[in-house]
Amino acid sequence: MAQTDVLVVGGGPTGLTLALDLARRGVPVRIIDQAPEFPGGSRGKGLSPRSLEVFDDLAVIGQMLASGITHMPHRKYRGAEVIAEIDPEAGRVPTPDIPYPTGLMIPQWRVEQILRERLADYGVAVELDTGLRSFSQHADYATTTTGEAEISARYLVGCDGGRSTVRKALGLSLRGETPDVQLMAVGDVEVDGLSRDAWHQWFTGDGGIMLCPLPGTSTFQVQASHELDQDGSPLEPTLERFQQTFDRVAGVPGVRLHTLGWRSSYRVQVRMVDQLRVGRVFLAGDAAHVHPIAGGLGMNSGIQDAYNLGWKLGLVLAGHATPGLLASYEEERLPIASWLLDITSERLNAVLEAIKETGGGLDAVASPELTQLMLRYPWSRLSRRTASRPAGPQPGDRAPDAPLREPVTGSPVRLFDLFRGPHFTLLGLGERSAAALGHVEADIVKPYLVGPGGLLDDGGHAARVYGADALILVRPDGYIGLVAGPEETGAVAGYLRSL
């Protein structure tokens with residue numbers, strides 16, 4: 001029987017992010033997928049600012065940015081007439097604490113391709129045509145059956161989508177509702193007669209159709225009201241039906257759709273499980289929660305589920321933490337899943353109301369919350385303080401970026417550069433913190449003094465966002481775990497021992 005530490009089921013963005021995070025920690029991991037080949041459809045087509053920060057840490061941000069586009073304008077029409085053009089993220093520019101302020105338009109297949117290429121650097125590949133048939137749990141491992149083979153894994157993670165085999169085998173259900181919202185058809189097509197400089201949108205009382213150019217390709221993603229037969233049943237999305245919808249809703253002569261590739265139908269679901277773990281088996285991404293596409297948070301939330309779980313599995317498997325740490329995955333991410341269903345439903349309703357009242361478009365979905373930079377875990381057992389701070393980031397908050405300089409060479413360095421990697425980062429803010437940094441002996445923590453005698457605060461940005469005279473312990477996933485006074489030499493060691 002083959003053995004591994006973690007078996008990841010599902011080779012989409014969630015599973016790939018988890019496998020990559022584990023592989024860079026030296027954790028033996030295998031990732032399987034029942035598909036016979038890698039999917040080529042656009043599917044999800046945007047990364048949130050917080051997901052871009054995750055990919056900065058995983059050292060794939062350069063490839064992601066080179067493959068996508070920001071500030072895609074939304075161009076709204078009445079027939080051939082342009083009635084509005086809006087950049088929903090206008091005015092969002094990089095700042096010292098937020099280097100990625102906007103979402104990135106990029107087809108999901110390209111995200112997956114980049115993650116697979118990076119995973120291959122660690123000698124790990126997605127095992128295609130390998131579906132999970134069954135599994136059983138034991139005291140120290142889980143045994144899985146895939147085709148004719150058996151795999152023993154210390155932990156199993158289901159990242160296998162809304163129809164998750166893992167979730168069903170656990171006996172868990174996606175609880176919630178199916179709102180009475182129009183069925184949508186979606187696909188990848190090539191288009192003659194439309195420019196590639198905007199997301200083209202038409203909404204009328206007779207339906208809607210949108211055509212979004214996909215960066216790095218010659219195709220557009222088409223989203224359209226689903227064509228129905230005489231008894232109201234949905235018809236299979238075809239090129240002819242997409243053209244029929246365009247002609248009926250948009251009616252712009254000379255625009256022809258052709259070369260239809262991937263296509264699918266989409267019905268809004270608002271559902272989630274009531275637990276993310278059963279024994280040695282975890283759920284992440286769409287296997288655990290499905291929701292309206294408004295805001296494009298599906299792929300992004302799965303990525304962040306994986307990023308939250310990866311470092312915890314890594315510490316436990318390396319012996320740096322007890323298995324009790326793994327309980328914090330559900331503790332932190334289940335409330336986020338509930339929030340996710342609420343915010344996407346709210347944003348969907350905002351879009352539908354805007355279309356009904358003003359003929360508006362998808363720009364109505366815009367909300368600062370959709371950047372996912374505001375998500376935090378103040379309720380978590382891992383968010384602790386020993387010193388009161390009236391200002392600055394608090395335990396459970398995202399740790400902001402800031403520019404620094406090396407004290408001798410003056411070379412620029414960012415806080416995100418210090419955070420990058422599988423370790424905790426201890427920031428000593430101000431010279432009073434220097435002594436406490438010298439007491440940190442754990443090999444999973446990298447300490448840095450910011451201020452006199454240490455890294456130089458370039459422009460005072462670190463002091464503005466973090467304050468002064470404090471110890472800030474940043475978790476491997478970029479959230480603040482501990483805030484302590486500058487001379488509390490035992491606070492960090494106590495935090496780590498508690499893990």
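**Figure 1. About 200 Å³ of space lies in the second largest pocket.** This is a predicted model: local features need pLDDT of at least 70 and side-chain atom pairs count only at pLDDT 80 or more, while totals for chains, interfaces and linings use all residues. Residues are numbered from 1 along each chain as its sequence is written, and side-chain values use heavy atoms, without hydrogens or water. The lining of the second largest pocket is made of 15 residues, and those nearest its centre are Arg25, Gly314, Leu315, Ala318 and His320. Helix H7, residues 298-317, supplies 4 residues to this lining, the most of any element. (A pocket is an open set of points on a 1 Å grid over the protein atoms alone, with protein on both sides within 12 Å along at least five of seven lines; lining residues have an atom within 4 Å of a point. Points are joined across faces, edges and corners, and a volume is the space filled by probe spheres set on them. Helices, H or I, have at least four residues and strands, E, at least two; both are DSSP runs numbered from the N terminus.)

**Figure 2. The largest cavity holds about 140 Å³ of space.** The structure has 3 cavities of 30 Å³ or more. (In a cavity, a 1.4 Å probe fits but cannot get out.) Look for the 13 residues that line the largest cavity; Arg50, Glu53, Asp57, Tyr307 and Gly478 lie nearest its centre. Two or more lining residues come from each of helix H2 (49-57) and helix H9 (415-419). Helix H2 gives the most, with 5 residues.

**Figure 3. An open sheet of 5 strands runs in the order S22-S29-S28-S25-S26, with mixed pairing.** At the edges stand strand S22 (384-385) and strand S26 (445-450), each of which pairs on one side only. (Two strands pair if DSSP finds at least two bridges between them.) Helix H12, residues 491-498, packs on this sheet and touches S22, S25, S26, strand S28 (470-474) and strand S29 (480-484). The direction of H12 makes about 145° with that of S29. (Axes are lines fitted to C-alpha atoms, for helices over the stretch in contact, and angles between N-to-C directions run from 0 to 180 degrees.) Strand S25, residues 424-429, pairs with S26 in the parallel sense over 6 bridges, and Gly428 stands opposite Leu449 in S26.

**Figure 4. Lys446 sits in strand S26.** (Buried means under 20%, exposed over 50% and partly exposed in between, for a 1.4 Å probe and protein chains only.) Apart from its neighbours within four places in sequence, Lys446 is in contact with His423, Phe424, Thr425 and Leu426. (Contact means heavy atoms within 4.5 Å.)

**Figure 5. Helix H6, residues 239-249, has buried residues.** They are Phe242, Gln243, Thr245, Phe246 and Val249. Why do they lie on the same side of H6? They cover an arc of only 160° around the axis, so they share one side. (The arc is that of the directions from the helix axis to the C-beta atoms.) They pack against strands S12 (184-192), S13 (199-204), S14 (207-213), S15 (220-225) and S16 (256-258). Just after H6, Gly251 has a positive phi of about 65°.

**Figure 6. Arg43 and Gln372 have positive phi values.** Most residues other than glycine have a negative phi. For Arg43 phi is near 45°, and this residue lies in the loop between strand S2 (29-32) and strand S3 (46-47). Arg43 is partly exposed, with a relative accessible area of 26%. For Gln372 phi is near 65°, and its place is in the loop between helix H8 (327-358) and S22. Gln372 is buried, with a relative accessible area of 1%.

**Figure 7. Strands S8 and S9 form a hairpin.** How many residues lie between S8 and S9? There are 4. Strand S8 (residues 134-137) and strand S9 (residues 142-146) run antiparallel and are joined by 4 bridges. Phe135 stands opposite Thr144 in S9.

**Figure 8. An open antiparallel sheet has 3 strands in the order S11-S18-S21.** Strand S11 (175-177) and strand S21 (289-290) are at the edges with a single partner each, so one side of each has no neighbour in the sheet. S11 and strand S18 (residues 270-272) are joined by 3 bridges, and Arg175 has Met272 in S18 as its bridge partner.
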